[in-house]
Amino acid sequence: MGAQLPKCCRLFFSSIPKQASLPIFNGPRATIKDVLTARWDASDRVCGKWLKVMIPTLLPALEQHGRLQLGQSDRDRVLAISAATIDRLLVDVKIAASGCRRRRAVFYSAIRREVPIRTFNDWNSPVPGFCEVDMVAHGSTSVAGSFIQTLTMLDVANGWTECLPLLTREGSLVVEAINRAQSLFPWLLRGVDFDNDSAFMNDVVVPWCREQKLEVTRSRAYKKNDQAFVEQKNGAVVRRLMGYGRFDGVETARMMGRLYAAARLATSTSSAVIQAEGEA
């Protein structure tokens with residue numbers, strides 16, 4: 001199975017229409033903010049503290065693949081930048097990426113407030129059936145318009161992972177995907193742990209999960225470590241198979257589903273699993 005995955009990936013991407021090339025920052029246009037924006041997007045839009053740690057690895061990779069062309073002085077400035085400066089320079093970029101709306105706790109919905117919080121250290125060796133759930137956006141460098149999302153579900157007890165493509169971020173599609181995942185896991189689902197995404201924290205997904213007798217919890221806002229297990233799989237499975245391109249359309253979603261189906265047993269049963277033992 002594992003030996004066939006590279007061939008499956010080549011066939012999948014060869015059938016997708018070519019997208020516009022990614023921007024290359026060089027010369028006078030290669031401002032520090034441009035460089036940070038490229039790195040932030042390439043790292044799946046992590047916070048400044050995480051991005052600071054990832055700079056020494058991301059920068060050579062982006063240069064190697066032609067995304068950045070920097071002189072030595074600019075390169076030294078990027079490597080020396082602080083996490084606080086990263087967050088400050090990316091404020092307007094993050095606002096634009098979220099639809100030009102600042103996220104404030106005061107606007108949390110009543111449904112979100114009534115869902116109990118579960119942190120990384122609260123799992124305490126659960127039995128199989130309790131899953132962390134997250135979504136990965138396939139919008140490339142733009143969040144405009146509609147594009148495919150991947151719903152990732154990971155069983156905390158053993159690392160079993162199921163990935164299902166959604167045409168867009170919508171509660172009803174999330175319900176359909178979780179319902180589908182119940183038939184894919186080898187055991188009964190017992191609980192789901194979401195982040196604070198509005199695609200999860202709404203009057204469709206949460207009530208449905210409770211009707212299915214699933215325990216519903218959520219992570220703390222802006223605390224990705226609370227969902228460390230599924231965050232690992234977002235990179236090791238979803239991004240590794242699909243990359244960072246923009247995908248949309250029913251046919252593309254159908255093909256992504258076929259690729260995930262071909263890879264699911266290899267990623268859950270034939271690969272070594274490394275999980276963090278404590279919060280970073």
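## Exercises on a cavity, a sheet and a salt bridge

Searching the whole structure turns up one cavity of 30 Å³ or more. The model is predicted, so local features need pLDDT of at least 70 and side-chain atom pairs count only at pLDDT 80 or more, while totals for chains, interfaces and linings use all residues. Residues are numbered from 1 along each chain as its sequence is written, and side-chain values use heavy atoms, with hydrogens and water left out.

### Exercise 1

Find which residues line the largest cavity and sort the lining by class.

**Solution.**

1. Start with the term: a cavity is a set of points on a 1 Å grid over the protein atoms alone where a 1.4 Å probe fits but cannot get out, and lining residues have an atom within 4 Å of a point.
2. About 50 Å³ of space lies in the largest cavity; a volume is the space filled by probe spheres set on the points, which are joined across faces, edges and corners.
3. Its lining consists of T161, C163, V237, L241, Y260, A263, R264 and T267.
4. Two or more of these residues come from each of β3, α10 (228-242) and α11. Helices (H or I, at least four residues) and strands (E, at least two) are DSSP runs numbered from the N terminus.
5. Helix α11 gives the largest share, four residues.
6. By class, five are nonpolar, two polar and one charged. Ala, Val, Leu, Ile, Met, Phe, Trp, Tyr, Cys and Pro count as nonpolar, Asp, Glu, Lys and Arg as charged, and the others, Gly among them, as polar.

### Exercise 2

Work out the strand order of the open sheet, and why β3 and β5 stand at the edges.

**Solution.**

1. The five strands run in the order β3-β2-β1-β4-β5, with mixed pairing. Two strands pair if DSSP finds at least two bridges between them.
2. Strands β3 (161-166) and β5 (215-218) each have a single partner strand, so one side of each is left without a neighbour in the sheet.
3. Now look at one pair: β4 (residues 191-194) and β5 are parallel, over four bridges.
4. In this pair, D193 stands opposite T217 in β5.

### Exercise 3

Locate the two partners of the salt bridge between D197 and R169.

**Solution.**

1. A salt bridge is a side-chain nitrogen of Lys or Arg within 4 Å of a carboxyl oxygen of Asp or Glu; the whole structure has seven.
2. For D197 and R169, the N to O distance is 2.2 Å.
3. D197 lies in the loop between β4 and α9 (205-211), and R169 in the loop between β3 and α8. The pair is 28 residues apart and links distant parts of the chain.

Definitions and conventions:
On a 1 Å grid over the protein atoms alone, a cavity is a set of points where a 1.4 Å probe fits but cannot get out, and a pocket is an open set with protein on both sides within 12 Å along at least five of seven lines; lining residues have an atom within 4 Å of a point.
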